[in-house]
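Work through the exercises below with the sequence and the coordinates at hand. Each task is followed by a solution in steps.

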Amino acid sequence: MVKGYLAFVFHSHLPYVRHPEHKQSLEEKWFFEAITECYVPLIKVFQELERDHVDYSVTFSLSPTLLAMMEDPFLQERYAAYLSRMQELACKEEERTAGDPVFSPLAHMYRERIDYTAYIFNEKYGRRIVEAFKELQRGGNVELITSAATHGFLPLLGIQKEAIYAQIAAGIEYYQKIFGNTPRGIWLPECGYESGLEDIMSELGLHYFVTATHGVLYASPRPKYGVYSPILTPGGLAAFGRDPETSQQVWSSKEGYPGDYNYREFYRDIGYDLDLDYIGEYLHPTGLRGNTGFKYYRITGPSNHKEPYNREWALEKAREHAGNFMFNREKQVEYYGEIMDRPPLVVAPYDSELFGHWWFEGPQWIDYLCRLINKNQNIKLITLGKYLELQYPLQLCTPNASSWGDKGYNEVWLNGKNDWIYRHLHKAGEKMIALATNFPKSEDILRDALNQAARELLLAQSSDWPFIMTTGTMDSYAKSRITSHLIRFLKLERQIWENRIDVSWLRQLEATDNLFPHLDYHLFQNLEQTVAVEKDKLAEIT
Amino acid sequence: MHPSSREYLDGEENLPLYYGKDCLVLLPRDPYWLFAYWEISIPTRQRFEAEFHKPWDSLQLLLRVYRYDAQGTGKESHFDIQIDPSADNWYIKAGVPNKKYQTELGCYLPEGGFRHILSSNLVTTPRDSLSDIIDENWRLPDWQARRLYRRISRSNLSSLEMIKWGIPQQ
């Protein structure tokens, strides 16, 4: 008899970053590193679990911008070139460390990993990494879900319901184009929820979403089982609340697993440590030092003194942490099981990019944990969709407006560093709705211009730009991106109304900001005429 | 982005400072704070300058913030914030979670009273504690509810608020 369920949700997202105008771009490297260090290692873990007939279940969200980058031939080409440079560096590292009993096995490990990544990317999936996710979904253990088209932070775009509708609908449509099926669930960007979103999500056929802990805990009426059972929102979708214990065990700066002294140190990288004569050609052409992914030290302790990485010790630790995590879940479901009339569900969402990149041993930890749970009779892994199929009656509640950002609400995306963007985003949203409503029919260049205007607006709406402005690193990039997309949008909008579209400029935009090739601008049409359920809500805001 | 790509596609253009349309928009930041931004178009400013026989900069502008109950039906109270005529946004300490708020931008009349210029949308501040509405069909016995919230609050980020507001104290 299962005493409780554990639902892992891995949320994978990067903003749409693509710079054909530059030979190399620092920002594209975020994407390349994430493939090498996170997505491929996670795929490998899941494939090996499947091979060994381990009964595991995970929910995996892939943001539409990330999928679009994975599907973009230009970025595929660039990543292939990046990989072969890394393969070359891996060989040089093997030569450099040859004979050294400590560093040579590590250099060998990195070469094997890069070669494996190159095999998976180039040979096995012909550069289309989404094929691996399709395969995993067909295997039945991985449930793929979508997110808002460009990861817009919906509570701050909600002044126009059409903007929310377009973000969500475009995300679902792109998912359908790639995976063929309709996603059951959606990852609300940054877990950003406000009341009213569920009507749009339900209208678009979604069954569930995930909120921060206090999204469900502070729902009204008070949810009987806290976050350990989903609630049914007025729109008819289920809302799952994040379990605070599982996030603390991984994230807490004091007790969190990734900080263990045996784990690999992120900040010691040969990109910083070795002579520029040797490493320079693998860094950014400006000579700017940066990460290469070749890291040979373990965290060791709180000081700057670092000892060499020992892979066996690190894996032993990952095994121990997996055991500890499972033990804690057993205790947790036992505790809540005494209160509840059903097995408690522990929802544990994480950013995929934590695993492998920041926490190098994270993918192995997942592997060990899935194998342990497979043999455990008290806990079972489950996807969010499969949990709903168990058909426990759900309590009807309205979730609380919330996010999983710092302080739990909207402040990360709305503060003195980024608040200036909203007057522009809202105005552009208003103008896009006017365009879509005034041009119900269009052809050729006009249609292309309208679709491109919709693309530029969606790109401007990414939650990443205000987030980066708040954190302060790379904020000039974020400002520049949002400004560019808004300027492009406004210029297109003017040209459309004035009936003088600059076709060659439009084609350049289409080639540069080229995501969602099938995007249809009609998604921005005035909802008042199309969604009766929203009418009363609209009355409130106008 | 690198400057060259901006030049390549966007030329010398910059974002407009004004859109030429009146607007006042209210956004919730958290259970206690709101953010308002506005634009008052030149024709509107001129209209008010003419009405009051005063330059815009010497008008006494204010934001009047109205609080409604959670259903948005009953007006509970309001307060005023004096603002600088050159400001175009303001963080407002609204103070009460789970209430609806709306704001009006206006100015004090020389003879006293308030002259309305713009109205905002209505927003709701989020809760920062457990709801006190309980569905009788979904009620846990008190001792079990205490067990549930005690453990959640141990690792919840907002546990302090939870302990303060949410957990039955007996």
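**Exercise 1.** Leaving aside its neighbours within four places in sequence, which residues is A453(A) in contact with?

Solution. The model is a predicted one. Two residues are in contact if their C-beta atoms, placed from the backbone, lie within 7 Å. With neighbours within four places in sequence left aside, A453(A) is in contact with M432(A), L435(A), F489(A), L492(A), E493(A), I496(A) and Y521(A). In soluble globular proteins, nonpolar side chains tend to be buried together.

**Exercise 2.** Describe the side of chain A that touches chain B.

Solution. Start with the counts: chain A gives 52 residues to the contact and chain B gives 44. Then assign elements: among the helices of chain A that each supply at least two residues to this side are α8 (213-217), α15 (421-438) and α18 (475-497). The largest share, nine residues, comes from α18(A). Finally, sort by residue class: 19 are nonpolar, 20 polar and 13 charged.

**Exercise 3.** Trace the pairing of strand β3 (residues 61-68) of chain B.

Solution. On one side, β3(B) pairs with β6 (residues 100-108) of chain B in the antiparallel sense, over eight bridges. Within this pair, Y66(B) stands opposite Q102(B). Now take β4 (residues 75-82) of chain B, which runs antiparallel to β3(B) and is joined to it by seven bridges. Here R67(B) has S77(B) as its bridge partner. The hairpin of β3(B) and β4(B) has six residues between the strands, and in it G72(B) takes a positive phi near 80°.

Terms used:
Residues are numbered from 1 along each chain as its sequence is written. Chains are lettered from A and ligands numbered from 1 in the order in which they are written. This is a predicted model: local features need pLDDT of at least 70, side-chain atom pairs count only at pLDDT 80 or more; totals for chains, interfaces and linings use all residues. Helices (H or I, at least four residues) and strands (E, at least two) are DSSP runs, numbered from the N terminus. Ala, Val, Leu, Ile, Met, Phe, Trp, Tyr, Cys and Pro count as nonpolar, Asp, Glu, Lys and Arg as charged, and the others, Gly among them, as polar. Two strands pair if DSSP finds at least two bridges between them.
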